[in-house]
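Morning, everyone. Let's take a quick look at some charged side chains and how they pair up.

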Amino acid sequence: MSGDANDKIGFRYDDQYTPPEPEQVSDVAITTFEHVFEVDPRLMERWVLQQQFPNWDSLRIMNSRGDHLEWIHRHFASKVVTGSELLAEVASENEGAGS
Amino acid sequence: MTIAVERVDEVVTALRTVLRDEQILTSKPDRYNRARVPAPFPVHRWSERLPDLAVLPTSTEEVAGVVRIANDLRVPVVPRDGGTGLTDGAVPLRGGIVIDVKRMNAIKELDLENRTVTVGTGISMLKLNEELGKHGLIYPDDPASYPCSLVGGRIGTSGWSLIGSRYGHTRDLVLSFDHVLPTGDVMHVGDGIGHKISKSSSGYQLKHLFMGHQGTLGIATEATLKLFPKPEAELSPFWAFDNYDDAYRCVGALARAGVATFAGAVLFDEWKVAYLRRDDEAYIPQPEDVRALVCAVMYGYEDEVRPAGRRLFRIAKEHGARYLGDEISEGDWAARHDRYATPLHGRTKTGQVVPMSWHCEDAAVNYTNLPSVSKAWHEIVADLRRRTDVFDDWGMFTYTSGNTGLDYLTEIDVGIWEQQLDDRAWEMWVKAKRDIAAVALAHQGSISACHGSCREGEVDLVPDELGRGFDVMLDLKRQLDPNNIMNPGKYLLDRAYEAGDPA
């Protein structure tokens with residue numbers, strides 16, 4: 001092991017426990033990383049205390065959910081038809097009818 | 001424990017004549033693990049629902065041997081499959097033997113020409129479909145507990161499927177099965193001769209009788225199932241509305257459209273949207289004016305799904321719908337197959353987060369009665385919440401049960417703070433369940449479309465719902481289970497033994 005600060009092996013506590021500055025997204029929720037939402041910490045002070053996760057674990061949980069949902073899609077059907085494509089096709093039908 | 005200790009020894013000794021030692025489980029962890037079900041129950045009363053022992057048979061013959069012994073010794077028997085039911089079918093109310101079927105999970109025969117598969121009932125749909133997918137096939141029985149519920153439990157509860165509007169529900173998908181009666185006799189039940197016949201007019205139609213009995217009439221051990229081509233394409237658009245009424249009209253129009261690939265439509269009411277906006281990352285960023293949602297789902301070949309999807313998009317547009325986008329539409333639908341994996345919490349009235357278990361009361365309700373039932377159910381849960389923080393209204397879904405928009409699986413999700421569920425709160429909950437069922441009946445609905453109705457509260461109204469039919473249930477129970485050993489205490493069936501000689 002070198003002592004190089006850029007060494008990828010190792011756990012830098014401060015980095016991992018410093019998530020991006022939270023933004024309030026609703027009365028009850030904040031967001032940190034993109035797609036990572038948390039209950040507003042003020043609402044987790046009495047009965048359930050908020051746990052602090054290292055950044056890698058927050059991202060792992062978020063990405064795992066995405067992987068799981070992708071797997072379920074493949075499990076039930078070979079492909080997913082995208083709604084936005086159909087919406088655009090219906091919109092263009094209307095444009096055609098109006099022209 | 002309902003069997004005296006020395007009787008447990010007697011039962012174990014007898015079971016050793018049909019099972020190996022490792023198939024007979026008497027330790028506390030083995031018994032506690034098989035008393036666990038998702039529906040909340042007061043923690044301080046859990047010991048009331050323990051089996052005295054559990055067994056792990058591997059064949060129909062072994063199940064029959066166990067039941068025969070239980071019948072001879074007058075020991076209760078409770079079948080247990082995935083243990084995911086919401087009406088406590090797998091919960092032993094009087095101890096006895098839990099028959100855990102999960103080792104009977106083999107695929108016995110795959111008939112590619114007739115499109116059937118014969119399986120042990122301990123297999124899960126997920127594992128079965130992993131194998132069927134290799135042949136381009138699917139068994140489309142799709143409960144919200146899809147990854148963890150088992151084929152046998154689906155038979156015992158006559159389950160409801162999320163995509164049943166396209167493929168039918170468990171009763172339509174199970175062609176026939178081997179069934180161990182409460183005396184230990186084995187019969188094969190299906191249309192006529194059973195096996196791979198999907199429609200027969202020969203004799204009584206017994207298949208439905210031996211589905212949905214919640215383990216009170218025996219145990220299905222091996223089943224032959226109907227298969228479909230694995231869908232090439234899936235489409236699951238979600239649309240937003242700024243009011244419930246427009247969403248209600250839209251879901252009705254989508255369901256009545258008669259689109260062949262239509263697999264289901266779902267209406268989320270204002271309480272459900274508010275709950276999702278509290279705690280579901282997909283909905284938190286949604287605009288405030290989103291007050292109700294509708295989802296439609298289609299499965300089939302891509303050249304069927306695309307034009308059908310355009311038709312449904314046109315209908316949605318006519319009803320003022322706003323498409324919610326691909327990410328939420330695709331992600332949320334995928335998550336519907338697996339609701340039991342969701343960690344849950346609710347809120348006190350001051351907004352503080354508390355750990356809560358999920359419970360869901362359901363009914364079968366006609367389309368025209370949905371708004372009235374929804375209003376009445378929310379009032380019942382609001383009354384609970386006014387009195388205690390133990391209960392939290394998590395909103396309502398309604399799902400189409402069929403492809404004509406006739407009736408809907410209607411459900412209200414209630415968060416229950418199980419650690420605080422004392423005797424007083426439990427009594428409040430049981431009364432609320434009874435009131436919820438009464439509302440369904442007052443609207444010409446059925447107490448349950450999916451879960452069953454044998455839990456405390458709703459079960460009190462089953463005789464009212466079935467009328468003379470309930471007396472027939474009692475007659476059948478007494479005839480088929482003369483010693484009341486099969487899941488005793490459920491569905492008020494003890495009444496079958498109250499007046500007169502059960503023999």
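Is B:Asp141 buried or exposed? It is buried, and the relative accessible area of B:Asp141 is 0%. Bear in mind that this is a predicted model.

So who is its partner? B:Asp141 makes a salt bridge with B:Arg154, at 2.7 Å from N to O. Look at where the two sit. B:Arg154 is in helix H5 of chain B, residues 151-157. B:Asp141 is in the loop between strand E7 (137-138) and H5. The pair therefore ties together parts that are 13 residues apart in sequence. B:Arg154 counts as buried too, at 7% relative accessibility, because the cut-off for buried is under 20%.

Next pair. B:Asp100 bridges to B:Lys102, with the closest N and O atoms 2.6 Å apart. B:Asp100 is buried, at 0% relative accessibility. B:Lys102 is partly exposed, at 40%.

Now a pair within one helix. B:Arg478 and B:Asp475 form a salt bridge of 2.8 Å, N to O. Both lie in helix H15 of chain B, residues 468-480. They are three residues apart, so about one helical turn separates them. B:Arg478 is partly exposed, with a relative accessible area of 24%. B:Asp475 is partly exposed as well, at 35%.

Some bridges share partners. One network joins A:Lys79, A:Glu85, A:Glu89 and A:Glu93 with B:Glu302, B:Arg306, B:Arg310 and B:Arg314.

And the total? How many salt bridges are there over all chains? The count comes to 46.

Key:
Residues numbered from 1 in each chain as written. Chains lettered and ligands numbered in written order. Predicted model: local features only at pLDDT ≥ 70, side-chain atom pairs only at ≥ 80, totals over all residues. Heavy atoms only, no water. Salt bridge = Lys/Arg side-chain N within 4 Å of Asp/Glu carboxyl O. Buried < 20%, exposed > 50% of the residue type's maximum accessible area, 1.4 Å probe, protein only. Helix = DSSP H or I, 4+ residues; strand = E, 2+ residues; numbered from the N terminus.
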